[in-house]
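Subject: Two-chain model for you to look at

Hello,

Here is the structure I promised to pass on. Please open it first, then read my notes below.

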Amino acid sequence: MSAVVTITAKDLKERLRDKSFFLLGILTPLVLAFVLDLVMGDLGEGQLEVDIAVVDADGSVVSSQLRAGIAGLDGEGGLEVTVLDADADPDAVIDADGYDAVIVIPDDFGDRVTADGGSAPELGLVENPDRPVQAGVAESIVVGFTTNIERARLLARAADELGLDVAPVPPATGIELDRVWPGGEGLDTGARMMAGMAVMFVFFTVQFGVTTLLDEKKSGTLTRLLAAPIRRDSITAAKGAVSFLLGVLATMILMVTGTLLMGADWGPWLGVSALVVSAVLTAVALMAIVAGIAKTSEGASAAQAIIAVGLAMLGGSWFPVSGEGLMGLLAKMTPHYWFLNGLEDLTDATTWTVVGRPVLAMAVIAVVAGVPAAVLLRRRLRP
Amino acid sequence: MTKVLSIASFNLLRMFRERANLFFVLVFPLLIVFVIGSQFADDDDAPDVAVAGTGAFVDRSVERLEDTGAASVQRVDSSAELRDLVEDRDVVLGVAVPDDAEDALRGGAGVELTVMLGPGDGSTQVEGVVMRAFEAEAVAADVTGYLLTLTDAAADDIGEVVERTVAAGAPVEINRVLAGGADPDDEPLGIDQVAIGILLLMTFLNALTGASALIQSRQYGVSRRMVATPTSLRLIVVGEGAGRWGVGMFQAVYIMATTAVLFGVSWGNIPAAVVLLAVFAAVAAGAAMLVGAVMHNDEQAAGITVMVGLGLGALGGSMLPLDLFSGTMRTVANITPHAWANEAFVELSRRGGTLVDILPQLGVLAAFAVVLMSLAAWRLRLTLTRP
């Protein structure tokens, strides 16, 4: 036992002295989470910047109301609305000023809306081909206004037929919304990115333990360890312990930094710790398999990088994945998926025990990978 | 010249001897393009929405919603079932409509729809489109209910008048066109954008990994022995740079060719694209040389490589299209070579641009390359010979 402690302590000291651990284990995921949050943080409803222009070629009462309604959205939830001259050419202004979409009210719009029968009133929506997402928002806005016009139009005509006087201001819809979040609101983008990077990079961090077995072999220190009167399992146990401790240390630092810098609310810390510990265990087990198979430490690092990045992508570290279909099945085989989903559930939960299922899933992965890893690593212990 | 070539070719050889590198250069990029492409570029992959409730109003609203193509709708029997679907994240959003919703609206009473939102941004992004479909289908009932408050006439009579009026009028139509005249429904954006992003990300990242090799050469004393041969320091630096450039260029051309064949990605004007790649690979080579010259051990270099490679990629539009960036972030993105190259590729592939159209971007990239290469050459001259 004391051999395990001695080797672990020596390795830990060496690792913490070397800047690589901080660079790859803490600084890199921190910087990446920060950058990704900056880039992807403002995509939610009312955050995406959409720049719309309106051309009213009609100038009728109906069109002025519509124009004023759309213009009234200026400054709301990322929207910017510009009213252009009646004779502006939408294609030209999109090209010159980069609007995301131009809403065109044609010159007979008001007449067609108020006329009895006749052809359908048309609204033009000229979209910027480079901005399909923003143009989609513009379309949704136009659809909303169209519904208002239809309501006012129907009301005016029906009232006319019934011989009633109605106010020119159309009534709002009788539909009211009760918005609920049955599964909780989940993590916000910044927190999710931080968690995603933390679990991705722990796969790099744990290399600093198990993979050093290959370095020890190369430098000849492994032979000396084998010559010492200690059990062989102490050596693998110590390497595993170093990986595990470094992994937990780095991930917990990142999770705490997430709360401090990004205001992430993870929920009960007991649950967070359970998730972190089980995620790190899976990482140690998976990376130990590679260390057990690879011939050189360079080869091991490269293979581990493939696994780390590949699993992170499949498991949702970069972008959320759904649990459906083939991709969903693959995702469920990664610890990343369970770690991130556990955190999503935990943030709205009252008790830490909600992480039971994800922790169990990761424990299964850890055992399935850990047993062959132990066997393979043991075979490495030859002078 | 032969010396430069032999230094460069040995660098390439070293890279390809490592089987894991082969994976990263040959297999991994295609894998990501495929995975991300199937996640984002698939038209059938509209977010899943579930609706509980029965009756003509719900049927019409669901039909209208499906016609928008913005969501794929699943009908469920009960609000409890809906809640489970949302909780399990099988759908991003659920709407529970009371069975008597339309009658309630016709009677002038409001009706409350329960919107169950899943966690994250996905649900709020689709919420507006979903609710507008219901509102649009509720117009007639809304008007009937409103008129009922103004008159003593029987509800059925009012309803009949409204129905007749609806049938008589032609509803407002929205004509969507793309500026330039293309059809908005066969928007090519998607896999092309993903492929451009990944090409730039992987080219830069894989060239940057060359930094470790440079550090190893120094650690093993290979560099000093090279200096001891009758080869000028300048030639060695140029050769090492050419090696990194070759790796980047190989990666870029490989991704371009394979994605074009396998996924039908269009890269636009090929000669212009190749010039662009050559300049971009030079920027990446410069960055790799600089990291290799400044860092002391290859583990640190690996950390920097991942951080710089992925960080600049994300910031430069490789993970999320630049067109979705906010105004401020779009400006910030211009500190990365990726953003300039991305812009140039979009010009080539989407707008049919030629070499002349991307000259400004090429100029900026060339400036990046020159600055990085000179810094690297200056540092390398000092460190190559250091024991």
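**What I found**

In chain B, B:Ala50 stands opposite B:Gln74 in strand S2. Strand S2 covers residues 72–76 and runs parallel to strand S1 (residues 48–52) of chain B, with five bridges joining them. (Two strands pair if DSSP finds at least two bridges between them; helices, H or I of at least four residues, and strands, E of at least two, are DSSP runs numbered from the N terminus.) S1(B) is mostly covered, with four of its five residues buried. Buried means under 20% relative accessible area, exposed over 50%, and partly exposed in between (1.4 Å probe, protein chains only).

Some ground rules. This is a predicted model, where local features need pLDDT of at least 70, side-chain atom pairs count only at pLDDT 80 or more, and totals for chains, interfaces and linings use all residues. Residues are numbered from 1 along each chain as its sequence is written, chains are lettered from A and ligands numbered from 1 in the order in which they are written, and side-chain values use heavy atoms, leaving out hydrogens and water.

**Between the chains**

The contact (heavy atoms within 4.5 Å) takes 101 residues from chain A and 97 residues from chain B. The area buried between them is about 8,400 Å², and carbon and sulfur atoms give 64% of that. Buried area here is the accessible area (1.4 Å probe) that two parts lose on being put together, summed over both.

Five salt bridges run between chain A and chain B. A salt bridge is a side-chain nitrogen of Lys or Arg within 4 Å of a carboxyl oxygen of Asp or Glu. One pairs A:Glu127 with B:Arg176, the closest N and O atoms being 2.7 Å apart. Among the elements of chain A that each supply at least two residues to its side of the contact are strand S4 (122–127) and helix H6 (132–162). H6(A) gives the largest share of that side, 22 residues.

Strands meet across the contact too. Six bridges join S4(A) to strand S5 (residues 173–178) of chain B, and the two run parallel. A:Gly124 stands opposite B:Asn175 there.

**Buried spots**

Helix H7 (residues 139–148) of chain B has eight of its 10 residues buried, so it is largely enclosed by the rest of the structure. Its cover includes H6 of chain A, along with helices H5 (101–106), H6 (121–137) and H8 (155–168) of chain B.

B:Ala293 sits in helix H13 (residues 270–294) of chain B. It is buried, at 1% relative accessible area.

In chain A, A:Thr251 belongs to helix H11 (residues 232–262). Its relative accessible area is 3%, so it is buried.

**Salt bridges within a chain**

The whole structure holds 26 salt bridges over all chains. A:Glu216 and A:Lys10 form one, at 3.7 Å between the closest N and O atoms. A:Glu216 lies in helix H9 (residues 212–219) and A:Lys10 in helix H1 (residues 2–17) of chain A, so the pair ties together parts 206 residues apart in sequence. A:Glu216 is buried, at 9%, while A:Lys10 is partly exposed, at 37%.

In chain B, B:Arg60 and B:Glu137 meet in a salt bridge (2.9 Å, N to O). Both belong to a network of salt bridges that also links B:Arg64, B:Glu102, B:Asp103 and B:Arg106.

Best wishes
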